[in-house]
Amino acid sequence: CVNPAELLGKGDIEGAKATQEEAAEHLRRDLGFVVRTLDTVGCEGINFDTSGSAGDADYLAALQAVRDLKKDLPHMPMILGASGEFVLGMHGSVEFDGERLAGMYPQDQVRVAEAAGADIAGVAVNTNTNESVAWNLARAITFLKATTTSASIPVHANVGMGVCGIPMMEQTPIDSVTRVSKALVQIGKADGL
């Protein structure tokens with residue numbers, strides 16, 4: 001596929017959208033191929049982590065792959081993990097079941113993950129490096145509570161360097177990690193991490 005950024009640089013917005021749609025279809029097929037192959041060798045579950053990291057067309061491909069795979073492999077548990085607190089609108093117009101994906105926050109992402117057939121939704125809330133651990137944790141819990149309240153499937157908080165209240169450090173302080181993890185479960189009502 002042509003790089004959509006190159007097309008945008010030339011002012012070809014429609015061409016950039018078309019190439020993202022083409023790439024998303026390749027991703028959908030590739031995800032299906034890999035998971036079906038893993039199933040033949042005894043894979044017991046799949047985690048589509050950081051879905052949508054290349055934007056809304058990427059997120060659409062993951063949702064479609066989950067739906068396709070759940071039809072063929074209903075026994076395969078699937079986690080659909082987000083890449084950030086909202087879906088980047090790199091395309092801006094793609095939809096899943098009539099809902100525009102660009103700009104979806106976690107409480108909306110969990111609805112489309114459920115509709116696709118995901119067994120667990122993974123929430124990611126970006127850490128603001130200019131703010132304290134307490135500030136970032138409060139923000140992550142706010143998103144998480146809204147998501148767990150509206151979810152019918154388990155919700156896992158994606159924790160790690162720079163996500164869901166964890167400091168953006170290569171060696172994160174263990175006291176920060178344990179306090180954040182405990183608060184996400186006890187206050188945010190996360191079903192797992």
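Which residues of the largest nonpolar core touch the most other members? In this predicted model, the answer is Phe-48, Leu-63, Leu-80, Leu-101 and Leu-184, out of 43 residues in that core. Helix H3 supplies the largest share of the core, seven residues.

Leu-80 touches Phe-48 and Leu-63, and its other contacts beyond four places in sequence include Tyr-59, Ala-62, Val-66, Ala-113 and Ile-120.

Now for the helix pair. Two packed helices are described by the angle between their axes and the distance between the axes. For H3 and helix H4 (residues 106-116), the angle is about 35° and the axes lie 8 Å apart. From the H3 side come Tyr-59, Leu-63, Val-66 and Arg-67, and they meet Gln-109, Val-112, Ala-113, Ala-115 and Ala-116 of H4. Sorted by class, that contact has seven nonpolar residues, one polar and one charged.

On to helix H2, which runs over residues 13-40. With 28 residues at 1.5 Å each, H2 should span 40 Å, and because its end C-alpha atoms are 41 Å apart, the two figures agree.

Which parts of H2 are buried? They are Gly-15, Ala-16, Lys-17, Thr-19, Gln-20, Ala-24, Leu-31, Gly-32 and Val-35. Their cover includes helix H1 (4-9), strand S1 (46-51) and helix H3 (56-72).

Gln-20 deserves a stop of its own. This H2 residue counts as buried because its relative accessibility is 10%, under the 20% cut-off. Its side chain reaches the backbone oxygen of Met-90 at 3.3 Å. Leaving out neighbours within four places in sequence, Gln-20 is in contact with Pro-4, Asp-56, Ala-57, Met-90 and His-91.

Last stop: is Lys-189 buried, exposed or partly exposed? Lys-189, in the segment after helix H6 (174-186), has a relative accessible area of 46%, so it is partly exposed. Not counting residues up to four places away in sequence, Lys-189 touches Lys-145, Thr-148 and Leu-184, and Leu-184 is one of the core residues from the opening question. Lys-189 and Ala-146 are 43 residues apart along the chain, with their C-alpha atoms separated by 9.9 Å.

Terms used. Residues are numbered from 1 along each chain as its sequence is written. This is a predicted model: local features need pLDDT of at least 70, side-chain atom pairs count only at pLDDT 80 or more; totals for chains, interfaces and linings use all residues. Side-chain values use heavy atoms; hydrogens and water are left out. Helices (H or I, at least four residues) and strands (E, at least two) are DSSP runs, numbered from the N terminus. The expected span of a helix is 1.5 Å times one less than its number of residues. Buried means under 20% relative accessible area, exposed over 50%, partly exposed in between (1.4 Å probe, protein chains only). Contact means heavy atoms within 4.5 Å. Axes are lines fitted to C-alpha atoms, for helices over the stretch in contact, and angles run from 0 to 180 degrees between N-to-C directions. Ala, Val, Leu, Ile, Met, Phe, Trp, Tyr, Cys and Pro count as nonpolar, Asp, Glu, Lys and Arg as charged, and the others, Gly among them, as polar. A nonpolar core is a set of buried Ala, Val, Leu, Ile, Met, Phe, Trp, Tyr and Cys residues joined through side-chain atoms within 4.5 Å. A polar contact is a pair of N or O atoms within 3.5 Å; within protein, one must be able to donate a hydrogen and the other to accept it, and residues adjacent in sequence count only if both atoms are side-chain atoms.
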